[in-house]
Amino acid sequence: MSIKILNLTHIYDKKTPNETVAIDNINLDVQTGEFIGLIGHTGLGKSTLIQQLNGLLKPSSGDIIVSGYNITEGLDLPRNNKRKVTKAEVTARKKRLLEVRKRVGLVFQYPEYQLFEETIEKDIAFGPINLGLNEFEVKNRVIDAMQTVGIDYETYKDRSPFELSGGQKRRVAIAGVLAMKPEVLILDEPTAGLDPRGRDEILGQIKRLHDKEKITVIIVSHSMEDMAKIAERLVVMNKGQIVLDGTPKEVFRHIDLLEEIGLAVPQISYLIRQLVKNGFDISPEIITVEEAKNALISHLTKSGR
């Protein structure tokens, strides 16, 4: 389930005084099974980009190819005044988008605001029902999705989602997307507004889901600490362009560039850098607290302290 983005540009309010280039001619390949952190400040293109990966937004130019489907093909048909758009072209376009949306699941920021059914089971079942699945398959998908996000089916299935805590609502909303069995899961700031415990629970469940199911995961975030712990690859955006792309250790080497665009490396990295300057025999590329703990124990053991 690969995604290929070719020369993609998205302009809001084109040819008006408010014209804004949200995405500026970017190229990106996402391989099957990757876990990617999409990083950058608010308003610099991240959310615009992910909404185009399942056709919610259409680009001003460029192509997006999802598992062999060019979901941007035919987008300019309604703007072509030389001939009428045929019914077959419209049908083909809708069919292509439907197929992609089955495969690419998008969880918006604060997804709990999109809960609407009277029970948790009905809310999670909404998507699978609209896929035309039978009652048995729908129920199995609901049970599996609830189990994945750590919510017991028998205990919670008949409860109203509006009775839950913020973190539980977030998990129910994510379960609703997981019940669609997407091959790509995209989450826009999935921990926004949660306390540290809720944040760690959500991120842990997403990581376990990726490890177990091997699905492609893309998380939009501005938290370097979170992405250092769970992402395998980081894509850093600034002003609609990709400025860095690599493993967390590769990206966090560029401290000066990250700070220049208003970001930073994980706080532990600053401590490690200072310790290295002070003569500690540890790797300067440590980016997590766990790595730092192990390295310091090893250093102290070797030095006999």
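The largest pocket is lined by 26 residues, and Leu106, Gly127, Gly176, Val177 and Met180 lie nearest its centre. This is a predicted model: local features need pLDDT of at least 70, side-chain atom pairs count only at pLDDT 80 or more, and totals for chains, interfaces and linings use all residues. Residues are numbered from 1 along each chain as its sequence is written, and side-chain values use heavy atoms, with hydrogens and water left out.

**Largest pocket**
- Its volume is about 670 Å³.
- A pocket here is an open set of points on a 1 Å grid over the protein atoms alone, where a 1.4 Å probe fits, with protein on both sides within 12 Å along at least five of seven lines; lining residues have an atom within 4 Å of a point.
- α2 (87-103), β6, α3 and α6 (166-178) each supply at least two lining residues.
- α3 gives the largest share, 5 residues.
- The lining divides into 17 nonpolar, 6 polar and 3 charged residues.

**Second largest pocket**
- The second largest pocket has a volume of about 360 Å³.
- Its lining has 14 residues, of which Asp144, Thr148, Lys181, Leu209 and Glu213 lie nearest the centre.
- By class, this lining has 5 nonpolar, 3 polar and 6 charged residues.

**Threonine 119**
- Threonine 119 lies in the loop between β6 (104-107) and α3 (120-130).

Key. Helix = DSSP H or I, 4+ residues; strand = E, 2+ residues; numbered from the N terminus. Points joined across faces, edges and corners; volume = space filled by probe spheres on them. Nonpolar A, V, L, I, M, F, W, Y, C, P; charged D, E, K, R; others polar.
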